Amino acid sequence: MQDNPLFDYVIVDEASQVDLVSGALALLCAKNAVIVGDTKQLPNVIDKDTKRQIQSLNLSITESYDYTKHSLLSSIKAALDSVPSVLLKEYYRCHPKIIGFCNKRFYNNQLIILSKNTTQSSPIQAYITARGNHARGLYNQREIDVITQEILPSLQKDFAKEEIGIITPYNEQKKHLQNTLKDIETDTIHKYQGREKEAIILTTTANVSNDFINDAKILNVAISRAKSTLQLVTSEQIAHSPHTIIGDFIKYIRYENFEVAQSKVKSIFDLLYKANRQARLAYLKDKRKISQFDSENLAFHTIQECLKPHPMLDILTHIPLYRILNDSALLSKEEQIYAFNPHIDFLIYNTMDKCPVGCIEVDGFAFHNATTKQAQNDRLKDSILAKYDLPLLRLSTIGSNEQLQIQAFLQSVGYE
């Protein structure tokens, strides 16, 4: 250590997120140090490449000083057990009922909660999505739909947009949320440590509980970001998982007489899930089958229901694309070649003059997602239909509220 450090004291805040190298450099600058942090919250993240490089050095080092295993805070606690330590028990930030769960579940009731009830709305609500495996990898459109359609409309009556934050364990879900909600601050739980919002929405994203979602440090941080109200969105499987933190949180919410609501955001394609097989068979029984794919059969009958108020409209299925074009003059060579191959899943037309009114496509996620060849073909089809002023509605099998989508589509083409 240098002979003349710059400061008498250095205070390191959020020390559980400070890596050992940065922390050691800070300690070199002072005679004394005060290390402030919480070992029950998230440590600093070391990327896999850095960890591999360090491990490849084969250094012989005491475990308590291991950069790959410790933050500054945990290293000091492990290496210097005689250093005076005090728990900052008085707590002032979150609504008492929000931090009350963290106190019971993570802090063994050691906190003295001095925060006040500052909101007229319920401090905690949980929304459980409809039965089915809605997540695709680390992305869950259904939970995003619940946020946009059920949670935000009422939440924004009480809080300004800048007072609302959305957090998720996964970067993929974060990316889709940011694309959908550009004016609501969205980030991962790791990035939210040390931050707060009056209202927090937590989307667990995955279909089932796992070690990452059930990590005590992750959920302690996630729940305690909310000052006034916390809205949880989770799957039926996670909500009802025994011996998990989210399962305990649901029990706590119910015990405190706060709302655990079954989400009303539904999709006709929910019937495709294995868990809903019997319901699907019952729905399609005695109904006309127009396809080998039940996704198209379900869409067909939904479209038929939406067309009932419009007796002048009817529907054709699997019409070759080239047949609904007057000519090919507007098409590029690539589009001309492509137009002779695909079909339109559903063509809505006016029975009075047989003219097309609009097209509807059913997009299965695995077949139509952005990484597939089919996604490129979809863009070609979209371009062709746009050139001939033929409106198109794409129904994703991971979307929701198809009937409302179809009704809005019909209104957009002049059928109120």
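## Legends to the close-up views

**View A. Thr234 is buried, with a relative accessible area of 0%, in strand E9, which covers residues 226-234.** Here, buried stands for a relative accessible area under 20%, exposed for over 50%, and partly exposed for what lies in between, with a 1.4 Å probe and protein chains only. The model shown is predicted, and for that reason local features need a pLDDT of at least 70 and side-chain atom pairs count only at pLDDT 80 or more, while totals for chains, interfaces and linings use all residues. Residues are numbered from 1 along each chain as its sequence is written, and side-chain values use heavy atoms, with hydrogens and water left out. Helices (H or I, at least four residues) and strands (E, at least two) are DSSP runs numbered from the N terminus. Once neighbours within four places in sequence are set aside, Thr234 is in contact (heavy atoms within 4.5 Å) with Tyr127, Ile128, Thr129, Glu143, Thr204, Ala239 and Ile246. With Tyr127, which is 107 residues away along the chain, Thr234 has a C-alpha separation of 6.5 Å.

**View B. Gln141 lies in helix H5, which covers residues 141-158.** This residue, Gln141, is buried, with 17% as its relative accessible area. Its side chain is joined to that of Tyr139 by a polar contact of 2.5 Å.

**View C. Tyr92 sits in the loop that runs between strand E3 (90-91) and helix H4.** With a relative accessible area of 53%, Tyr92 counts as exposed, and its side chain forms a polar contact of 2.9 Å with the side chain of Glu90. Beyond residues up to four places away in sequence, Tyr92 touches Leu114 and Ser115. The C-alpha atom of Tyr92 is 8.9 Å from that of Ile112, although the two residues are 20 apart along the chain.

**View D. Pro5 belongs to the segment before strand E1 (7-12).** Its relative accessibility is 17%, and Pro5 therefore counts as buried. What does Pro5 contact, leaving aside its neighbours within four places in sequence? The partners of Pro5 are Leu28, Cys29, Ala30 and Lys31. As a view across the chain, the C-alpha atoms of Pro5 and Gly247, which are 242 residues apart in sequence, are separated by 50 Å.

**View E. Glu256 is found in the loop between helix H10 (245-255) and strand E10 (259-262).** Is Glu256 buried or exposed? Glu256 is buried, with a relative accessible area of 16%. Apart from neighbours within four places in sequence, Glu256 is in contact with Lys97 and Lys104.

View F. Most residues other than glycine have a negative phi.

**Setting of the views. The protein chain holds 16 helices and 14 strands.** Along its principal axes, the C-alpha trace spans about 90 × 50 × 40 Å. The radius of gyration of the chain, taken over C-alpha atoms, is 28 Å, whereas a compact globule of 416 residues would have one near 22 Å, by the rule of 2.2 Å times the number of residues to the power 0.38. Of the 416 residues in the chain, 48% are buried. Among the contacts with a separation of 6 or more, 68% come from residues 24 or more positions apart.

Methods: Polar contact = N/O pair within 3.5 Å; in protein donor to acceptor, adjacent residues only side chain to side chain.
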